[in-house]
Amino acid sequence: MNLAELATALKEGRISIGEWESAMRDYLRSQFTAAMELSKGGRNFITQSDWGYMGSALKKQYAFLGGFAKDIANNPTAWLNGRLDARMGLYKESAYAALEDFRRREAEAQGYDEEMRLLGATDKHCDDCLAVEGRWEPIGTLPAIGDSVCITNCKCEFKYRRSANNMLFAPGLNP
Amino acid sequence: MKPLGKSLPPVKEIAPPSQQEQDAVIASWNANCPLFYVGLMEADSIDSKNSKARFLYDKLNLRYVHRKTGRVLTQHEVNRAFIVWTNKVSGK
């Protein structure tokens, strides 16, 4: 089932909260797995440490999901309508944030030490994104994708570089 | 109608995805991503000799290369492909 079908199944009473939550966990797991694969260059490059990092990120999402499931169970009237679909959509967006996060981690591992946030090609930029875009800063210091008011609606992304002062990399190897 | 029931207990440990799970994700990617990007998750290293993969991955420079044409993919287009895939499998 995709997210829309899952939402409908819960609203129509065909599945329980536990079944819904289990399916959402599976969904997030496959999304995050895909994000890790793409951020690392594919399955051949992923290490146990990478999977451990993905596991930590997933655990956080599962905790949010658990809270959401409790909210639905405690107040089904408030949630078993269009609000459910909208909130489920945020979990879909978490996969994009994960992709950027995993790539940022890989960039740091490969010796990139500066980052710049670039605005996505949309008009949905919030003030948070506008305030931090377009300048080089030490890697890991800018707000992560997904930490802005707009969450990931803007589809901003990072680019990376190895600074001139990075003694590990000779000129010519830097992008 | 089924009883709504309760939420699940919290997860203590999350195991890495099995080979089967990874295969399923890759199959889903290949079936639902924009056509040009089929095979992206099965890239070989840029250093590979005699690779038959559609894409190569340059780990040092964080970039994919289309093997036949040598074109370097931008990060932006990889992100776009991911968004298309996510939307498709999510039912948007």
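# Aromatic pairs and a chain interface

Biologist: Why is A:Tyr53 called partly exposed?
Modeller: In this predicted model, A:Tyr53 has a relative accessible area of 29%. Buried means under 20% and exposed means over 50%, so A:Tyr53 falls in between and is partly exposed.

Biologist: Is A:Phe102 buried or exposed, and what makes it count as that?
Modeller: The relative accessibility of A:Phe102 is 2%. The cut-off for buried is under 20%, so A:Phe102 counts as buried.

Biologist: How many aromatic pairs are there over all chains?
Modeller: The count is twelve.

Biologist: Why is the pair of A:Tyr53 and A:Phe102 called edge-to-face?
Modeller: A pair of aromatic rings is described by the distance of the centres and the angle of the planes. For A:Tyr53 and A:Phe102 the centres are 5.9 Å apart and the planes stand at 75°. Centres must lie within 6.5 Å, and planes over 60 degrees apart count as edge-to-face; therefore the pair is edge-to-face.

Biologist: Which parts of the chain does this pair link?
Modeller: Distant ones: A:Tyr53 is in helix α3 (residues 48–74) of chain A and A:Phe102 in helix α5 (residues 82–109) of chain A, 49 residues apart.

Biologist: What kind of pair do A:Phe158 and A:Tyr160 form?
Modeller: A stacked one, with 6.0 Å centre to centre and 25° between the planes.

Biologist: What lies over the face of A:Phe68?
Modeller: A:Arg87, at 4.2 Å from the ring centre. A:Phe68 also belongs to one aromatic cluster with A:Trp20, A:Trp79 and A:Tyr91. In chain B, B:Arg54 lies over the face of B:Phe36, at 5.8 Å from the ring centre; the distance limit is within 6 Å.

Biologist: How much area do chain A and chain B bury between them?
Modeller: About 4,600 Å², 58% of it on carbon and sulfur atoms. On the side of chain A, A:Arg29, A:Leu38 and A:Arg43 supply 16% of the area buried against chain B, more than any other three residues. In contact are 62 residues of chain A and 48 residues of chain B.

Biologist: What makes B:Lys59 and A:Glu106 a salt bridge?
Modeller: Their side chains meet at 3.8 Å, N to O. The rule asks for within 4 Å, so the pair qualifies.

Biologist: Which elements give two or more residues to the side of chain A that touches chain B?
Modeller: They are α1 (3–11), α2 (17–40), α3, α5 and β3 (157–161) of chain A. The most comes from α2(A), with 17 residues.

Methods: Residues are numbered from 1 along each chain as its sequence is written. Chains are lettered from A and ligands numbered from 1 in the order in which they are written. This is a predicted model: local features need pLDDT of at least 70, side-chain atom pairs count only at pLDDT 80 or more; totals for chains, interfaces and linings use all residues. Side-chain values use heavy atoms; hydrogens and water are left out. Rings of Phe, Tyr and Trp (its six-membered ring) pair if their centres lie within 6.5 Å; planes under 30 degrees apart count as stacked, over 60 as edge-to-face and the rest as tilted. Helices (H or I, at least four residues) and strands (E, at least two) are DSSP runs, numbered from the N terminus. Buried means under 20% relative accessible area, exposed over 50%, partly exposed in between (1.4 Å probe, protein chains only). A charge sits over a ring if NZ of Lys or CZ of Arg is within 6 Å of the ring centre and within 35 degrees of the ring normal. Contact means heavy atoms within 4.5 Å. Buried area is the accessible area (1.4 Å probe) that two parts lose on being put together, summed over both.
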